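I opened the model to look up a few items, one entry each. My notes follow in the order I took them.

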Amino acid sequence: MQKTDKTVREPLVHITKRPDMPLFPALLIRLCAILLALIICALIIFWLTGLNPLAVYKAMFEGSFSSTRKIWNFLQNTAMLLCIALAVTPAFRMRFWNLGAEGQVLVGGLASAAVMFYVRDSWPSWLLILVMLISALAAGIVWAGVPALFKANFGTNETLFTLMMNYVAIQLVTFFIAVWVPTGSGVLGVLNQQSQNGWLPAVFNQRYGLNVLIVGILTVVMFIYLRYSKHGYEISVVGESENTARYIGVNVKGVIIRTVVLSGAVAGLAGFLLMAGAAHTVTAELAGGNGFTAVLVSWLAKFNPLTMILTSMLIVFLQKGSGEIAQAFRLSSNISEIMTGIILFFIIGCEFFIRYRINFRKKAEEEK
Amino acid sequence: MAVPAIELKNITKTFGHIVANHKVSLSVMKGEILALLGENGSGKTTLMNMISGIYYPDSGEILIDGEEAVIASPKDAFDYRIGMIHQHFKLVDIFTAAENIVLGLKEEGPFDLEKVSARVREISEQFGFEIDPKKKIYEMSVSEKQTVEIIKVLYRGADILILDEPTAVLTPQETQKLFAVLRRMKDAGKAIIIITHKLHEVLEISDKVAVLRKGEYIGTLVTAETNETELTEMMVGKKISLNIDRSEPKNRQERLVVKDLDIMNRDGIKVLDDVSFTAYSGEILGIAGIAGSGQRELLEAIAGLQNISEGDIFYHDPRTGKTEDLKDKTPLQIRELGVRLSFVPEDRLGMGLVGNMDIVDNMLLRSYRKGHSVFLQRGEPRSLAERIIKQLEVVTPSAATPVRRLSGGNVQKVLVGREIAAAPTVLMAAYPVRGLDINSSYTIYNLLNAQKESGVAVIFVGEDLDVLIELCDRILVIGSGQVTGIVDARTATKEEIGLLMVKSHKAAAAKETESRGGNHAENR
C-alpha cells in the first residue's frame, strides 16, 4: 500500500463540477466579474493613456444614452442583433450550428431590395412591403434550407456548409449591385427616397419604432415556442439525443429541416427589417458581422430568448461605447476594442466558476 | 524452475462499492499462451488494464521476470515490454500502417520512414503477417487493422502481449491466420494473454486457461486436461438462489411472433441470422447471450428502430384480434397501429431518457403528442411523475430535477415506471438491472412480474444467468446472432445455457438441443 502513496498523489489543484448553483450566488459571481473587468480596464486605460478612467466610462455610457436619437439607435441596433440571435437559436438548441445567419440576413435584404428596385412606385406601399417581406422570408429559407437538406439526408457538416453560404451571399449582393448600378459610384443609393414607398411606417413617431416592436413581440413568441410548444420540445429532444428522438418516434430529418427553415425565415425577416425599416438599400455590409455576433449573444444567454435581450444590449452597449471613447478622446479604436475584449473575457470566463469548483490540496494531507 | 514472464498476486481493484477484481492471481511463462475466460463483467478487461497501466491496483502485486513492478501508466507498461491490443483499434485513419506504427515513438535522429518500413517487413516475415507498410488505415479491412495494432506493439519490443477479444471482429479464416501468428510468437518466446469467451478458441489456441467470475479468480487449468463442460461450469458457477417470486403463466396467447429475422449492420455483416421465436402474453421470455450477440438489434428491430433485411415480426392485437406486420414500420407507425409496445432500452440516458431534462419532461417523451393543441400539456405528465416517484420510491429532490443527476437505480425506476404507465401489451427490457443495487433490482423484478401477471408479454434481456433462470418462464439463448436454443427456465441449468451461449454454429446448436430432448419448451 506504500506504493500507492508514492505513485498516486493528489494534484495541487483539481477541478470538480458543481451541482447547479442557486440563482443569487450565480448572479453575484457575474456581477463580480463585470466589476473586476471594469477595474482592470480602468488600470489599463490609465497605464496606457493616462486618462481618467471614470471620464472614459462616462463617455462609454454616453455612447448609447446621451440623447433620444442615441437611445433609439441603441434600441434599433439591439433589436437587429437580437433578431438575428433569435434566428440562430432554434437551430442551436437542436445542436445544428448555423453559422450562416450573416448570409441568410443578406439574401433576405437583397430579396426585399430587389422587389423595391424593380417595383419602385408602381404598387401601393402596403402591397410592396408585403411582397418584400415574403421574398425576404423565402430567400432566408432557401439559404438555410440547402445546408439543412444536405445535413438531414447526407449528414454533411452544417457548420462549414452554412459558413460557406455566407460568402456566396456576399458575392451575390456585390453582383446584383453591379447589375443595378453598372456605372458611376457602384453604390446602390437609398431606394424610393422621395416617395418612401415600401419603407416601414414610423411608430411612436420613430422610424425604428416598428422594428423594435416587431422584434420585441418575436422574442416573446420565440420564448413560448421553444419552451411550451410541441415543436420546441421536439427540437430539444433532437438536440439532446437523436437516439432518444428516434426511440419516441420523432421524424428526426423532418424536425431538422423544419427548424432550420424557421431559423432561415427569421434571419430573412431580420434582413427585411434592416432593409425596409432602416437602410432602405442593400450593401454587402448590411448585416455588418451581426450574423456572427448573434452566435455569441445566443450562447451567452444559454439559448434563452428572454436572456438574449440582456446579452444583445450588453454587446451593443460595448460596441457603441467603445466607438464613443475612440471619438471623444481621439484614441485609436484599438483601445476600445481591448476594453470590449477584457469585459467579454470576464463575463464568459466567470461561467467557469459558476459551473466548477476549484479544490486545493489540503496542507494536512501533504504532510502526512 | 523458470520464472514467469509476468505474475499477478492477489490483485484487487474496486470502483466505488463495486469490486471489479478480488484477489486475482495468475502467471504466464515465456512461450506460453494463457486464455482469460469469463462472462461479461467478470473483470477480464479491468485486470488487463491494470497490467497495461491504465488502472492502478488497490492492492496486490505484479511481478515481471520475478521482480516486483510498478505500472502506473501506459508508458511504464511499455518500459516493461508489455503491449496491449485493444478491442477497439486506436489508429489514425489517414496515416499509413508504418506511420501509425511509429506514432508517438521518440527515436534519435531524423525520421526515416524507409527504415521503419524495412523493420515492419522484417517483423512481418518473422511472424507471418501480411501487411503493406504504405497502405493507409482507411483502406484496410478489420483484420489488417488488427495486424497493424499487433505489429505496433511488437515494433516497440513487447515481450508480453495482451489481446482483448481479438477474434470478435474476425471471420473464421482470419481467426485461423491470427492463431498461426500467435503460435509463431509463442515459439519466439513471447508471453501471450488472450481474452475471449469463445470456448472452442480457448481449447484450440491456449496452453492454460484462467477463469474469472464476477471479479473472483476461480482457477487456472491446463487446456489439454480440460473440456468445454468443465470450463462452462467454472465460468457460470453454481446456481445461487435469489428467491424471486415466479407465478405460473396464465392465459398464454401468442402476442409477438418473430419469423426468420435477418439484420445486417452497417458493414454488411449479419448481426441476426434467421431468428425465430414467439412471445406469449402472461409470461416472461428471457434472452440470454454474450453481450453483442445481436440482442440490442433484435429489440430495436421489434421497436421499429432497425432496418430488417429479411423476415417478419407479427403482432397479435388482443383487443381487435387482428394481426399486424411490424416490419418496415417506424416507431410512430407502430404506435398508430394501436400496438402498445413499451421498450426499456439498454442505453438509459442515451435513448430511453434525456439526461438534461427533468422527470416531468421525460414523462412527456411518450405522451407529448396527445391532443391537438400546438402547446405541450404538462399537467398529466407532472402527476405521472409524482406518482412514479411515490410508488417506486425514487430518490430525488423533486420532479423538476434533471434525471442525469439521479443515481443509476433511480434513473431506471423513472424509465421503467414510464414504460409501464403506458399500459403495454408487450414490454421489452434490455439489461434493466445492470448497475443497480439489490433492492432496486428486486423492485424491477417485481414490476416485471406484476406486468406478466396482468397479461403482458414481457421480453427480458439479461446477463445474469441466475436471474434469468429464476425470473423467466422460458429463455431464448442467442449466440453470434443465431438462436442456439429455447429452454424452459424452470428446468434449465446454468451450464446448459452457458454452453448454448458460446455455441456459434447452427448445426452444433441443433444437435445440442436435440440431445437434450429437443425444443421442449417451444413445443409445449
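Entry 1, helix pair in chain B. The model is predicted, so every value here is computed from predicted coordinates. I looked up helix α14 (residues 408-421) of chain B and helix α15 (residues 438-453) of chain B. They pack at an angle of about 10°, and their axes are 10 Å apart. α14(B) and α15(B) are therefore roughly parallel to each other.

Next I asked which residues of α14(B) and α15(B) meet. From α14(B) I noted B:Gly409, B:Gln412, B:Lys413, B:Val416 and B:Ile420. From α15(B) I noted B:Ser440, B:Thr443, B:Ile444, B:Leu447 and B:Gln451. I then sorted this contact by class: it has 4 nonpolar, 5 polar and 1 charged residues.

I turned to helix α2 (residues 23-49) of chain A, which has 27 residues. I checked its span from first C-alpha to last and got 38 Å. That is close to the 39 Å expected at 1.5 Å a residue.

Which residues of α2(A) are buried? I listed A:Ala26, A:Ala33, A:Ala37, A:Cys41, A:Ala42 and A:Ile45. I then looked for what the buried residues of α2(A) pack against, and found α3 (53-65) and α14 (333-355) of chain A. Last, I looked just past the helix. A:Gly50 follows α2(A), and its phi is positive, near 75°.

I traced an open sheet of 4 strands in chain B. The order is β12-β11-β14-β15, and the pairing is antiparallel. Which strands are at the edges? They are β12 (270-280) and β15 (323-325) of chain B, each of which pairs on one side only. I also took the twist, which averages 15° from one strand to the next.

I then went to one pair within the sheet. Strand β11 (residues 254-264) of chain B runs antiparallel to β12(B), and 7 bridges join the two. I picked out one facing pair: B:Met264 stands opposite B:Lys270 in β12(B).

I looked up B:Ala2, which lies in the segment before β1 (6-15) of chain B. Is B:Ala2 buried or exposed? I read a relative accessible area of 51% for B:Ala2, so I logged it as exposed. I also took a distance, C-alpha to C-alpha: B:Ala2 and B:Lys135 are 41 Å apart in space. In sequence, B:Ala2 and B:Lys135 are 133 residues apart.

Conventions. Residues are numbered from 1 along each chain as its sequence is written. Chains are lettered from A and ligands numbered from 1 in the order in which they are written. This is a predicted model: local features need pLDDT of at least 70, side-chain atom pairs count only at pLDDT 80 or more; totals for chains, interfaces and linings use all residues. Side-chain values use heavy atoms; hydrogens and water are left out. Axes are lines fitted to C-alpha atoms, for helices over the stretch in contact, and angles run from 0 to 180 degrees between N-to-C directions. Angles under 35 degrees count as roughly parallel, over 145 as roughly antiparallel, 65 to 115 as roughly perpendicular and the rest as oblique. Contact means heavy atoms within 4.5 Å. Ala, Val, Leu, Ile, Met, Phe, Trp, Tyr, Cys and Pro count as nonpolar, Asp, Glu, Lys and Arg as charged, and the others, Gly among them, as polar. The expected span of a helix is 1.5 Å times one less than its number of residues. Buried means under 20% relative accessible area, exposed over 50%, partly exposed in between (1.4 Å probe, protein chains only). Two strands pair if DSSP finds at least two bridges between them.
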